[in-house]
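Hi,

Here's the structure I said I'd pass on.

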Amino acid sequence: IKGTYGHELNQEIKNALSGRIYTTVEKITFGSVVLPQIIEQRYKDEEISFELIGLCTDICVISNALLIKAHFPERTVSVDSSCCAGVTPESHERALDAMAVCQITALNR
């Protein structure tokens with residue numbers, strides 16, 4: 001819930017971001033339909049690849065990975081499986097399998 005402690009970034013993440021340039025994207029649902037647009041505006045002339053991490057592999061990560069892959073079909077999209085977790089270990093693995101079929105690579109699996 002926005003404005004509550006649970007909405008805040010973990011202190012370790014805040015520390016890791018300190019001094020870096022980044023863009024916060026607030027999602028209203030599992031996947032962010034504006035995320036590919038933001039990426040395209042910021043990196044329109046650059047050859048980039050994508051590596052995603054996050055919670056939950058089987059809900060938010062897969063949603064955003066598929067949105068990015070659909071918007072940038074020729075770009076490399078990967079998910080660092082060691083930096084993700086699903087609702088259950090089994091659903092985490094199923095999500096990684098589903099992404100693999102869609103040419104999204106699972107790293108550290």
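This is a predicted model: local features need pLDDT of at least 70, side-chain atom pairs count only at pLDDT 80 or more; totals for chains, interfaces and linings use all residues.

Residues are numbered from 1 along each chain as its sequence is written, and side-chain values use heavy atoms, with hydrogens and water left out.

β1 and strand β2 (residues 77-85) pair in the parallel sense over 5 bridges (strands are DSSP runs of E, at least two residues, and helices runs of H or I, at least four, numbered from the N terminus; two strands pair if DSSP finds at least two bridges between them). They belong to an open sheet of 3 strands in the order β1-β2-β3, with parallel pairing. β1 (50-55) and β3 (104-107) are at the edges with a single partner strand each, so one side of each has no neighbour in the sheet. From one strand to the next, the twist averages 30°.

Now the helices. Helix α2 (residues 35-43) packs with helix α3 (residues 57-71) at an angle of about 50°, their axes 9 Å apart (axes are lines fitted to C-alpha atoms, for helices over the stretch in contact, and angles run from 0 to 180 degrees between N-to-C directions). Leu35, Pro36, Ile39 and Glu40 of α2 meet Asn64, Leu67, Ile68 and His71 of α3 (contact means heavy atoms within 4.5 Å).

Cheers
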